[in-house]
Amino acid sequence: MTTIELLASLATCVERGKVNAKSPFPPDLKGQDGADEITVRALAEGATPQDVLTQALMVGMNRVGENFRDKKIFVPDLLMAARAMSASMVHLKPFFKSSEVRLRGTIVLGTVAGDLHDIGKKLVGMILEGAGWSIVDLGTDVSTQKFLDAVKEHPDCLVGMSALLTTTMSAMEESVKRLKEEYPATKILVGGAPLTHEFAQRIGADFYSPDPQGAVEYLNTITPMSA
Amino acid sequence: MTNDPQIFSVAAASLALTQQDIVNALGYADAPVPEYLPDMIDEALDAAEPLLDVRCGFRVYTGTDVSLSPDTLGCAHVRFSTGRIIATRLRHSTSLAVFAATIGPGVETASRRLMAEGDDLTGFIYDTIASAYAETAAEWIEQTIAAAAAADNEHITNRYSPGYCDWRVAEQHALFSLLPPGFLGISLTESALMLPIKSVSGIIGIGTGVKREQYQCSVCDMGECIRRKFTTGHIHARH
Ligand code: B1M
């Protein structure tokens, strides 16, 4: 296989959640190499770590994000895809240190104060990671001060906030307001089941998306990825 | 019907959750189910069962304790701003049952632990099972209230929860003030989140002139609401 074919096949492994050769899923790929082995082969055949990221992992995860948005796949499929991506990423990690792999930037993610919902925000993090971003996950019940401290620590970051209850949307409003006062240039994305576009606009957030892929597409418009 | 608080400890077996329920809750009601899922669901259902601590209960308010207006609901010392949709559905009630149901923290804690250990998929299946049990526990208490009402030749309305149909979640604090302190072991955070998380609360109207109805989502503007998805057939889970 050429490196181009290997990268295409790696993208498919991510899309289909094929982790490694031992993994019996999906059944039609049983016995074949998975994301783990194909990454090793692609690097050995001369693909650069950056190629692996942009031409395979990001391609595969983008399809996953689209399919998830279109309800063609569901959370378990997404989690299998994220597993496959992680199995590949393990081989890229050494190249992050040597700057041979350049990520697009950092996104600080958190569920706002008073809100303990974790899973939706975590899924957003996985898809954004698959779009080439480094994720700093602050967890749940994140106070405004914690968001402020994280932005201070990662000055060029973007911020993503999640809220699942109308009662915690006011905490989101407060956090967005304070962040914008201190760091007006920092872009803030918001999401979560009870939110609306109008609410996001009213509180001064830069973007609202009902699903993770919407966030990816917005980020593509403001920070295009160069291969 | 007695006005004393009623509390039940419910055996998991009486909630009878099936593999298919979880398949549906995960989104695959009308889609091919990945091969790995059925076994994982079965294992998770088995593992979850001993972690359940299902408690359900209600308290009935009646007579002068109940006063209804076109968009509010008076219950003892509390006046809820439920909005028109719920107030209209409850308008012929002569009693109100304030209810709660919880499955305890066990399954959710196990789910979080699995995720922290890196097994997101199994953790998510546990979480989905816990949510499904919480909804089934709410159905169980609704049926129990229906049976108690039937014994007095009365009917019940649908159950309505703060957070639905224009009824603000913040009114959870007022709702819980109508139940004994620490009811079923549930506590409320300042932001009105119930702990344990996998809990449901609400109100059911009782009377001879009330009935259960289809949800009328066309009269509400909450676009992303789960009830809307349910009534339009996109999602099969509901509180
Ligand atoms: C930064 O950019 C971004 C971009 C996208 C972003 C983003 C950030 N963050 C999230 N996203 C988006 O991408 C993620 C991946 O797709 C998504 O994240 P989610 O976290 O939304 O998605 C998860 C992966 C899966 N989603 C979920 O797990 C939530 C699903 C729904 C159906 C839901 C469930 C399952 C449950 N619930 Co309830 N519940 C609902 C939900 C309705 C819905 N349509 O979402 C919601 C959240 N619940 C609601 C309510 C009201 C309640 N619930 C309650 C109870 C329950 C169950 C126990 C039955 C169960 C579990 C709850 C739990 N917290 O674990 C009660 C509260 C519980 C408590 N502890 O206090 C109760 C208060 C009802 C009551 N009075 O009993 C509503 C909140 C709205 C509001 N008014 O505040 C609700 C939206 C339902 C509705 N009305 O449509 C997107 O939102």
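Okay, so, before anything else: the model is predicted.

Let's start with the strands in chain B. Strand β2 covers residues 54–62, and five bridges join it to strand β1, residues 6–10. Those two run antiparallel. If you want a pair to find on screen, go to B:Ile7, whose bridge partner in β2(B) is B:Gly57. Now β2(B) also pairs with strand β6, residues 95–102, through eight bridges, and that pairing is antiparallel too. Here you can look for B:Thr62, which has B:Ser95 as its bridge partner in β6(B).

Next up, the backbone. Most peptide bonds are trans, and most residues apart from glycine have a negative phi. So where do we find cis bonds here? One goes from A:Phe25 to A:Pro26, with omega near -10°. That proline, A:Pro26, sits in the loop between α1 (3–16) and α2 (35–44) of chain A. Another cis bond runs from B:Leu195 to B:Pro196, with omega near 0°. B:Pro196 is in a loop as well, between β9 (194–195) and β10 (199–207) of chain B.

Now for phi. A:Lys71 isn't a glycine, yet its phi is positive, about 60°. You'll find A:Lys71 in the loop between α3 (49–69) and α4 (75–97) of chain A. Is A:Lys71 buried or exposed? It's exposed, because its relative accessibility is 58% and the cut-off is over 50%.

Over in chain B, B:Ala16 has a positive phi of about 40°, and again that's not a glycine. B:Ala16 lies in the loop between β1 and α1 (19–28). With 52% relative accessibility, B:Ala16 counts as exposed.

Conventions:
Residues are numbered from 1 along each chain as its sequence is written. Chains are lettered from A and ligands numbered from 1 in the order in which they are written. This is a predicted model: local features need pLDDT of at least 70, side-chain atom pairs count only at pLDDT 80 or more; totals for chains, interfaces and linings use all residues. Side-chain values use heavy atoms; hydrogens and water are left out. Two strands pair if DSSP finds at least two bridges between them. Helices (H or I, at least four residues) and strands (E, at least two) are DSSP runs, numbered from the N terminus. Buried means under 20% relative accessible area, exposed over 50%, partly exposed in between (1.4 Å probe, protein chains only).
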